[in-house]
Amino acid sequence: MNDILIVCSVIFLAMYFVFIAKFNSRKNNNFNFHRQSNVPKLEKMPILSFHSKISSDYVVLDLETTGLNPCDSEILEIGAIKYCNNVECERFHTYIKPCGGINPEAYDVNHISYEMVENAPNIEDIKSYFLSFIKDFVIVGYNVKFDIDFIQTRLQIILTNPFIDVLPMARHWIEGLFNYKLENVKTALGINSASHNVIDDCEATAAVFKYCINLKQKIELEKSPISRVQQPICGVVEPYFNVIKDILQSKYSNLQLYADGTLEELYIYTVNSFVPFCYIKRSGKLKYWLSYSPVEVIEPICNGRFKCCAATKTEGNMYTRIFIDNFNDISTLSEIIFKDYEKSVNDLISQNSITSW
């Protein structure tokens, strides 16, 4: 019995000293928690262009930041890879010294400590170099609005570059994943690279982008439509699909839609499109309709009748969650259905007009 107590005591002491060592390590990493208030509060800049036509010349962009809100969080690292005619031709990488500290939550995600950036240039020092690197190239990213929001807000500029988001492309072309975080998509495609390393994530994003485009090109070269057989829509999402279809058919008599999902989740696409124009979630605690329009467009239409907020980063936070109680609520927001559907059709026309791929 005494031997058991001794062993347990040794284990407990070992765990205690490991905890203390980790705690002191964090303190020694110069997180400077008290300096977080020094972060300049900036206004978010509007995004001018999105869903560009596909180009063979583009820059893949990725950032690491101190938080999720560009108005009061800072950029810690920028990585970008330039592709000319789909071949890598130049790289950009820099750490950035923040005005405030690095909180432990950010460190747990990106593993960037203050001592790694304390001698790095500040954001203004790299501004002209970064802008000369991207020039007027198409910017490609994974949930690219997150990166563009930070670049524009922290640099206080408005980019006129067109953007392409690889996240909705992955959702469309890579089936069967529980979620579409970049690390999960990389695993599905057999891409071996570190996560939350900006250059590795740029390479992975480029690989996913090329995979989606090449698959689309293959289908087009075969001169056959996307092979889809519409399965019956059933479960709690069935009335939602029927209402949306009825709304659109009131204006478009030759409407063609494709839908897939589960008994409690529904994605609706225009035929052969890259991304869905509507997503209905009736599972779990949060039940909502995901509009593929930004929250600044949706809020005035909801006009306080329905709660809405920006979607999560993994959903694509350029989109909007609308919290509705039942399928009848959709009828009162038909303007959003038309906006999202017409945007999806226009995006499809733009994509199909490109022959350079």
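**Ground rules.** I am working with a predicted model, where local features need pLDDT of at least 70 and side-chain atom pairs count only at pLDDT 80 or more, while totals for chains, interfaces and linings use all residues. I number residues from 1 along each chain as its sequence is written, and side-chain values use heavy atoms, with hydrogens and water left out.

**Glu77.** I looked up Glu77 and found a relative accessible area of 6%, so Glu77 is buried. Glu77 sits in strand E2, residues 75-84. My helices (H or I, at least four residues) and strands (E, at least two) are DSSP runs numbered from the N terminus. For contacts I took heavy atoms within 4.5 Å. Leaving aside neighbours within four places in sequence, Glu77 is in contact with Asp62, Leu63, Glu64, His93, Thr94, Tyr95, Ile112 and Val198. The side chains of Glu77 and His93 make a polar contact of 2.6 Å. I call a pair of N or O atoms within 3.5 Å a polar contact; within protein, one must be able to donate a hydrogen and the other to accept it, and residues adjacent in sequence count only if both atoms are side-chain atoms. I also noted Thr65, twelve residues from Glu77 in sequence and 7.0 Å away in space, C-alpha to C-alpha.

**The whole chain.** I counted twelve helices and eleven strands. The chain has 357 residues, and 47% of them count as buried. Among contacts with a separation of 6 or more, 68% join residues 24 or more positions apart. The accessible surface comes to about 18000 Å², with 55% of it belonging to carbon and sulfur atoms. That area is from the Shrake-Rupley method with a 1.4 Å probe; for residues, only the protein chains shown count as cover.

Asn110 is in helix H2, residues 104-110, and counts as buried at 6% relative accessibility. A polar atom of the Asn110 side chain lies 3.0 Å from the backbone nitrogen of Ile112. His111 is in the loop between H2 and helix H3 (114-117), and at 49% relative accessibility His111 is partly exposed. His111 has a positive phi of about 60° although it is not a glycine. Most residues other than glycine have a negative phi.

**Helix H6.** Is H6 enclosed or open to the outside? Eight of the eight residues of H6 (residues 166-173) are buried, so this helix is largely enclosed by the rest of the structure. Among them are Arg171 and His172. Asp165 caps the N-terminal end of H6, with a side-chain oxygen 3.1 Å from the backbone nitrogen of Leu167.

**Nonpolar cores.** I define a nonpolar core as a set of buried Ala, Val, Leu, Ile, Met, Phe, Trp, Tyr and Cys residues joined through side-chain atoms within 4.5 Å. The largest has 31 residues, and Ile244, Leu248, Ile268, Trp289, Ile322 and Ile330 have the most contacts inside it. Helix H9 gives the largest share of this core, six residues. I checked Leu248: beyond four places in sequence, its contacts are Leu255, Leu257, Phe277, Ile337, Phe338 and Tyr341. A second, separate core of 26 residues includes Met169, Val198, Val208 and Cys212.

**Aromatic rings.** I found eleven aromatic pairs. Rings of Phe, Tyr and Trp (its six-membered ring) pair if their centres lie within 6.5 Å; planes under 30 degrees apart count as stacked, over 60 as edge-to-face and the rest as tilted. Tyr58 and Phe209 are edge-to-face, 5.2 Å centre to centre with 75° between the planes. Tyr58 lies in strand E1 (residues 58-65) and Phe209 in helix H8 (residues 198-221), so this pair ties together parts 151 residues apart in sequence. Both Tyr58 and Phe209 are buried. Phe92, Tyr129, Phe130 and Phe133 form one aromatic cluster. The charged end of Lys82 sits over the ring of Phe133, 4.6 Å from its centre. I count a charge as over a ring if NZ of Lys or CZ of Arg is within 6 Å of the ring centre and within 35 degrees of the ring normal. Lys251 lies over the face of Phe338, 5.0 Å from the ring centre.

Methods
Buried means under 20% relative accessible area, exposed over 50%, partly exposed in between (1.4 Å probe, protein chains only).
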